[in-house]
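Here are some notes to read alongside the model, written for someone who is new to looking at protein structures. Please keep the structure open and find each residue as it is named.

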Amino acid sequence: MKNLLLLLLFCPAFLFSQISLTSADFASSGDTVFMSRATDNTIDLLTTGANQNWDYSNLTPNSQAARVYKGMSGVSILVNFVFGAFAPTKYKASYYLPSTDLPVNQIGALLPVQISDLVQYSRKTTDSITLVGLSLAIDGNEVPIKSDTIETRYKYPLNYGDVHSSRGYTKLDMNPFYDAIWIQYRQRQTEVDGWGSITTPYGTFDALRIKHTINEKDSLRFVLFGSPTWIPLPIPKSYIYEWITNGEKAPVLKVVTTLIGGNETVTSIEYKDNNGILEVASNQIEIELYPNPVVDLISVKADFLNAFYSIIDAKGAIVASGKMGESINVSTLRSGHYELIVVSDNLSVRKRFIKQD
């Protein structure tokens, strides 16, 4: 017994720490994280529990995207009233991100309007992160939508064994742009079902595993042959597996699956990675920066749609980030050499430029 105790004392590498997650471990407004995406339909999602050693070091990235947690200072007046400074407290969003929670393909196939620019608004407080609503464009017209019932994504502190349930209800009336109504009803069951050490190509971390079970029922009302008609939009049951550690601001690994024919099918795998680890060949996308060198405003000509950018200084630190437009204001940067990284859903490209005073 004495020898066993000595082994445990002097070989700490064999022991993992059971951590706790708080608000500080999740992203805030202004944060940017890079996520690499991989494909592995055989990934092990069954192994979990206490004191685990999850090894996903063999994941191979096939694309990378920057996740920019954009603050509310640059939103439109309309969005500001719904989710910004003029909104009721429970709807005051902390940041927004592009969203995939709306079944656009299904709705777009049924309606003669174009729906685009989906954005999800989140509120981060000292004890939770909630999903307060969405905005989208209907034929180019921005429409913010509050969730009548606010879904809780995380409730912290998070510890091994914690379980909580939440639900969200969102109703979008598309009038006056089109006589249609979309309703989204979601139920989320969250369980911290494992703790231990996880290894990805990014590194090895003490982590908690969090499993979200999502049940969603959507429906659409529109006029069919002169009569209002409600139809269900089939949304299969889905699961989100996340391994989260202290201080990384995003899951070090996230796997999403969908229940198809009674079996879980992997739909996405992403893990936190280094800045700009992947780069698209120059013949795959065109991007131009001018003037270069630049003093105040640098113009960007690119083929990206719904893209985000980050500016990296010579030390590798992110000094600016945001949603791509036709130009970027760099007047506050110090003179020197920088790199612009532009990313969309599955493309990334980097261009160097010089800032002058």
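Predicted model: local features only at pLDDT ≥ 70, side-chain atom pairs only at ≥ 80, totals over all residues.

1. How many cavities of 30 Å³ or more does the structure hold? There is one of that size, and the space in the largest cavity comes to about 100 Å³. Its lining is made up of 13 residues, and those that lie nearest the centre are Gln 120, Leu 131, Ser 147, Thr 170 and Gln 184.

2. Which strand gives the largest share of this lining? That is strand 6, with four residues, while at least two residues of the lining come from each of strand 6 (128–138), strand 7 (141–155), strand 8 (163–173) and strand 9 (180–200). Sorted by class, the residues that line the largest cavity are seven polar, three charged and three nonpolar.

3. The next group of points concerns charged side chains. Side chains of opposite charge can pair when their charged atoms come close.

4. Arg 186 and Glu 151 form a salt bridge through their side chains, with a distance of 2.8 Å from N to O. Because Arg 186 belongs to strand 9 and Glu 151 to strand 7, this pair ties together parts that are 35 residues apart in sequence. Are these two residues buried or exposed? Both Arg 186 and Glu 151 are buried.

5. Another salt bridge joins the side chains of Glu 242 and Arg 153, here with an N to O distance of 3.7 Å. Glu 242 is in strand 12 (residues 238–244) and Arg 153 is in strand 7, so this pair ties together parts that are 89 residues apart in sequence. Glu 242 has a relative accessibility of 1%, and it therefore counts as buried, given that the cut-off for buried is under 20% relative accessible area.

6. A further salt bridge is found between Glu 248 and Lys 272, whose closest N and O atoms are 2.7 Å apart. Since Glu 248 sits in the loop between strand 12 and strand 13 while Lys 272 sits in strand 14 (residues 263–272), the pair ties together parts that are 24 residues apart in sequence. Both of these residues are buried.

7. Val 255 lies in strand 13 (residues 253–260) and counts as buried because its relative accessibility is 0%. The C-alpha atom of Val 255 is separated by 9.1 Å from that of Trp 243, a residue twelve positions away along the chain. Phe 86, by contrast, is exposed, with a relative accessible area of 53%, and its place is the loop between helix 2 (77–83) and strand 4 (95–98). Together with Ile 77 and Phe 81, Phe 86 forms a nonpolar patch on the surface, and the three have about 360 Å² of accessible area together.

8. The backbone deserves a careful look at two prolines. Where does the chain have a cis peptide bond that leads from Tyr 156? The bond runs from Tyr 156 to Pro 157, with omega near 10 degrees, and Pro 157 is in the loop between strand 7 and strand 8. A cis peptide bond also joins Asn 175 and Pro 176, with omega about 10 degrees, and Pro 176 is in the loop between strand 8 and strand 9.

9. For Lys 249, phi is near 75 degrees; Lys 249 is in the loop between strand 12 and strand 13, and its relative accessible area of 28% makes Lys 249 partly exposed.

Notes
Residues numbered from 1 in each chain as written. Heavy atoms only, no water. 1 Å grid on protein atoms, 1.4 Å probe; cavity = no way out; pocket = protein on both sides within 12 Å on 5 of 7 lines; lining within 4 Å. Points joined across faces, edges and corners; volume = space filled by probe spheres on them. Nonpolar A, V, L, I, M, F, W, Y, C, P; charged D, E, K, R; others polar. Patch = residues over 30% accessible without salt bridge, like charges linked within 9 Å, V, L, I, M, F, W, Y side chains within 5 Å. Areas by Shrake-Rupley, 256 points an atom, 1.4 Å probe, with all protein chains shown as cover. Salt bridge = Lys/Arg side-chain N within 4 Å of Asp/Glu carboxyl O. Buried < 20%, exposed > 50% of the residue type's maximum accessible area, 1.4 Å probe, protein only.
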